[in-house]
Amino acid sequence: MSTASTTLPSAGPVVGSRSFLRRLREGDEIVRLITFLFAASVVLITLLLVFELWQGSVLARHKFGFAFFATRVWDPNAGEFGALPFIFGTVVTSAVSLLIAVPLGIGAAIFLAELAPARVSDTLEFFIDLLAAVPSVIYGLLGFLFVVPLMRDFIQPRLKDSLGFLPFFKGPAYGIGFLTAGIVLAIMVIPYIISVSREVLLSVPRDQREAALALGSTRWESTWKVVVPFARTGIMGSIFLALARALGETMAVTMVIGNTPSISASLFSPGYSIAAVIANEFTEATGDLYPQALIELGLVLFLLTFILNGLARILILATSQRGSGMGNA
Amino acid sequence: MYSKWFDEYHKKDTNIEINYQSIGSGGGIKQVTEGTVDFGASDGPMNDDQLKAFQDKHGFAILHFPTVLGAVVPTYNIPGVTTDLNFTPEALSGIFLGKITKWNDPAIAGANKGVNLPGNDIVVVHRSDGSGTSYIWTDYLSKISDEWKSKVGKGASVNWPVGLGGKGNEGVAGLVKQTANAVGYVELIYAIQNKMPYGTVKNSSGAFIKADLAGVTAAAAGAAKNMPDDFRVSITDAPGKAAYPISSFTWLLIPAKFSDGAKRDALKGFVKWMLADGQNYAESLSYAKLPKEVVAKEVKALDGIQ
């Protein structure tokens with residue numbers, strides 16, 4: 001959004017009204033102003049959102065303070081509200097989904113961009129864009145009617161038999177829970193990762209590949225050691241997009257997560273996410289404190305998104321430095 | 001139900017159009033209190049704090065008018081069991097408190113002689129979204145179990161001791177259908193429309209009643225004798241031999257004073273029609289009619305609106 005750094009050499013402060021009018025006539029100033037307003041509106045909306053969430057949760061914030069983050073109880077009748085199980089559920093389901101979606105998505109993008117014939121690649125891209133546009137309630141239905149029974153009758157019993165010694169795969173197999181929610185989220189975010197990563201990989205200059213091949217690399221070496229590192233920032237961007245969607249997803253998650261505020265190491269256990277509990281309870285939340293506690297959860301989700309995005313950015317910075325070092329070697 | 005009534009009434013008197021939004025009791029009560037809407041509707045009555053908040057803000061009261069009756073039924077999915085199960089209050093509270101965990105527990109088996117109940121773990125399913133259905137269900141459990149009352153209480157959303165949450169009647173029904181050995185609760189109208197199996201519940205006279213519209217009206221009639229003047233009465237666990245114990249009124253919330261006379265008369269006209277002709281539409285939509293005693297009392301109360 002750096003519209004200010006156009007090629008105009010005299011883009012400093014306006015000195016006289018005459019020169020301003022002249023430039024106005026040229027239209028540059030108008031474009032500058034309008035695009036600036038567009039860019040500023042993003043910041044304004046964000047600030048307004050934080051302000052509203054902050055104002056709307058004043059009672060709950062004063063009553064619970066930081067204990068809100070550490071309390072496990074959510075009891076509207078007793079007026080006790082804690083965010084911990086919902087934070088846990090949101091983070092765990094998002095993490096599971098990225099764990100599945102990132103390797104699959106990037107792998108598919110590499111195939112489409114580097115290995116597949118252009119016709120196949122374009123046709124598949126059409127389907128991927130279609131998948132990205134499917135409303136989340138449809139994914140929720142797919143999850144509830146297809147993934148849940150599949151998990152309960154096939155995948156969970158097999159996981160229990162083979163990896164049951166791990167704490168992650170214990171307890172009764174209801175079919176719903178953290179793992180199922182993570183899988184449905186993964187299905188939802190894979191199209192984003194593929195679509196954006198494929199575009200980025202395709203935009204890597206041809207010279208890069210040819211140079212690697214000319215130095216005697218195999219096709220795979222040129223892809224993995226040259227093309228992918230070149231496109232790293234864009235690929236990371238696709239993962240951000242996926243993370244943002246996974247954190248905030250409401251409808252599909254609530255249909256398959258079990259909606260029980262619990263904290264458990266087992267991914268088979270039913271859980272709850274922040275977005276899901278807000279959607280479930282806000283319409284019937286009466287009194288003063290109860291709706292405010294739900295709004296505070298919204299604030300927590302905002303904060304969580306902010307922190308996780310920040311952490312991811314730091315991670316990229318760290319890996320990109322290592323990556324460029326490797327490229328030089 | 002309300003959309004049907006407003007449609008029919010509009011056909012009858014085309015001058016009157018009622019704009020109805022279904023936004024949930026929380027928002028509904030808030031909007032009524034703030035005066036952004038002329039009147040509201042709710043599955044659960046307003047509590048004393050909410051009434052006081054209205055009184056303080058406007059200087060006059062908000063009145064409750066019962067409109068129809070609904071009921072909530074226990075539904076289940078036990079492989080091999082095809083007969084209607086009988087549920088005692090002790091069994092229902094025990095299951096939902098997480099104290100009864102097997103289907104062949106004596107508390108369940110005792111009321112179901114001759115049914116071959118398995119020794120499997122019970123999977124409890126409840127509503128995850130705040131709802132009038134949960135309100136009625138937890139109101140009933142609070143009445144028949146002191147432990148439930150002190151530990152959990154009643155409300156549109158509560159801190160459930162056990163179980164999985166499904167969104168909406170369809171979410172609960174879907175989970176129960178999918179999950180072997182599950183038990184949940186849904187609105188009677190939903191169970192009837194979707195032909196779901198549901199159990200009988202033992203009422204305060206000791207009879208096992210399979211919920212139907214007559215049983216619900218009977219519960220209302222049993223409670224009508226002691227109907228308070230503000231109509232805010234819970235008819236769960238109502239007296240009467242034929243009364244189905246998990247029944248409830250739904251209410252219109254109408255301010256006691258209107259500044260706009262034309263609006264007041266229009267609304268009064270609608271409520272009068274709803275109490276007379278309008279009641280005939282209830283049963284076709286699987287809601288139970290109001291008992292005559294309640295209608296008579298409401299018509300009288302309607303005159304009090306200024």
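What radius of gyration would a compact globule of 306 residues have, and what value does chain B have? A compact globule with 306 residues would have a radius of gyration near 19 Å, and chain B, at 20 Å, agrees with this. The radius is taken over C-alpha atoms, and the globule rule is 2.2 Å times the number of residues to the power 0.38.

The structure is a predicted model, in which local features need pLDDT of at least 70 and side-chain atom pairs count only at pLDDT 80 or more, while totals for chains, interfaces and linings use all residues. Residues are numbered from 1 along each chain as its sequence is written, chains are lettered from A and ligands numbered from 1 in the order in which they are written, and side-chain values use heavy atoms, with hydrogens and water left out.

**Confidence**

The predictor assigns the complex an ipTM of 0.84 and a pTM of 0.86. For chain B the average pLDDT is 90, and 100% of the residues score at least 70; pLDDT is the predictor's confidence in each residue, from 0 to 100. Where pLDDT is low, predicted coordinates should not be read in detail.

**Chain B as a whole**

Chain B contains 12 helices and nine strands. Helices (H or I, at least four residues) and strands (E, at least two) are DSSP runs, numbered from the N terminus. Along the principal axes, the C-alpha atoms of chain B fill a box of roughly 65 × 35 × 35 Å. The mean positions of its 31 positive and 31 negative charges lie 2 Å apart. Here Lys and Arg count as positive and Asp and Glu as negative, without His and the chain ends; each charge is placed at NZ of Lys, CZ of Arg, CG of Asp or CD of Glu.

**Surface and contacts in both chains**

Of the 306 residues of chain B, 55% count as buried; for the 329 residues of chain A the share is 42%. Buried means under 20% relative accessible area, exposed over 50%, and partly exposed in between (1.4 Å probe, protein chains only). Chain B has an accessible surface of about 12,800 Å², with 49% belonging to carbon and sulfur atoms, whereas chain A exposes about 17,600 Å², with 71% from these atoms. The areas come from the Shrake-Rupley method with a 1.4 Å probe, and for residues only the protein chains shown count as cover.

Contact means heavy atoms within 4.5 Å. Among contacts between residues at least 6 apart in sequence, 71% in chain B join residues at least 24 apart; the corresponding share in chain A is 72%.

**Selected residues**

| Residue | Element | Relative accessibility |
|---|---|---|
| B:N181 | loop between helix 8 (168–178) and strand 6 (182–187) | 9% |
| B:S286 | loop between helix 11 (261–275) and helix 12 (292–302) | 15% |
| B:A223 | helix 10 (residues 213–224) | 9% |
| A:F81 | strand 2 (residues 80–81) | 2% |

Positive phi values occur at two of these residues, neither of them glycine: near 70° at B:N181 and near 65° at B:S286.

Chain A comprises 14 helices and two strands. Within it, A:F81 is buried. Beyond its neighbours within four places in sequence, A:F81 is in contact with residues including A:F64, A:F68, A:W74, A:L289 and A:Y290. The C-alpha atoms of A:F81 and A:F306, 225 residues apart along the chain, are 23 Å from each other.
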